[in-house]
Amino acid sequence: MSDRTAWTEVCMAEYRITGDMLKATAFADRIERAFKRAALEEAADLLRQELEGAALVRYLSTPHTDDVETT
């Protein structure tokens with residue numbers, strides 16, 4: 001289902017409930033923005049996890065002076 005189809009279905013469902021197309025359109029727009037915001041937040045979380053993982057890999061692959069025994 002495309003974004004536009006989903007938006008239209010939400011809008012028409014709200015219109016059937018309220019009988020007011022302006023309110024239905026505003027409601028569908030709010031729902032669409034909420035989904036986009038949630039998707040962006042999820043993407044940001046995934047990116048943050050990837051960056052933390054990459055930083056850990058870099059740290060673990062770098063030799064550290066405390067790993068070398070001195071005699």
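**Charged side chains and their surroundings**

Modeller: R48 is partly exposed, because its relative accessible area is 44%. That term covers the range between buried (under 20% relative accessible area) and exposed (over 50%), with a 1.4 Å probe and protein chains only. The model is predicted, so local features need pLDDT of at least 70 and side-chain atom pairs need pLDDT 80 or more, while totals for chains, interfaces and linings use all residues. Residues are numbered from 1 along each chain as its sequence is written, and side-chain values use heavy atoms, without hydrogens or water.

R48 has a partner. D45 forms a salt bridge with R48, and their closest N and O atoms are 2.6 Å apart. A salt bridge here is a side-chain nitrogen of Lys or Arg within 4 Å of a carboxyl oxygen of Asp or Glu. D45 and R48 are 3 residues apart in helix α2, so about one helical turn separates them. Helices are DSSP runs of H or I with at least four residues, strands are runs of E with at least two, and both are numbered from the N terminus. D45 counts as partly exposed because its relative accessibility is 37%.

The structure holds 2 salt bridges. K36 also forms one, with E32, where the closest N and O atoms are 3.7 Å apart. K36 and E32 both lie in helix α2, 4 residues apart, about one turn of the helix. E32 has a relative accessible area of 25%, so it is partly exposed. K36, at 48%, is partly exposed too.

Side chains of opposite charge can pair when their charged atoms come close. E14 has no such bridge, although it is buried. The nearest side chain of opposite charge is R30, 6.2 Å away. For these charges, Lys and Arg are positive and Asp and Glu negative, with His and the chain ends not counted. E14 sits in helix α1, residues 3-18. Beyond its neighbours within four places in sequence, E14 is in contact (heavy atoms within 4.5 Å) with G19, K23, A24 and F27.

R30 belongs to helix α2. Its relative accessibility is 44%, so R30 counts as partly exposed. From R30 to R58 is 28 residues in sequence and 42 Å in space, C-alpha to C-alpha.

Now the whole chain. It has 2 helices and 0 strands. Its radius of gyration is 24 Å, well over the 11 Å that the globule rule gives for 71 residues, so the chain is more spread out than a compact globule. The radius is taken over C-alpha atoms, and the rule is 2.2 Å times the number of residues to the power 0.38. Along the principal axes, the C-alpha atoms fill a box of roughly 85 × 20 × 10 Å. Buried residues make up 7% of the 71 residues.

Last, the nonpolar side. M12, Y15 and M21 make a nonpolar surface patch of about 240 Å². Patch residues have over 30% relative accessible area and no salt bridge; like charges are joined within 9 Å, and nonpolar side chains (Val, Leu, Ile, Met, Phe, Trp, Tyr) within 5 Å. Accessible areas come from the Shrake-Rupley method with a 1.4 Å probe, and for residues only the protein chains shown count as cover. M21 lies in helix α2, residues 21-61. M21 counts as partly exposed because its relative accessibility is 37%.
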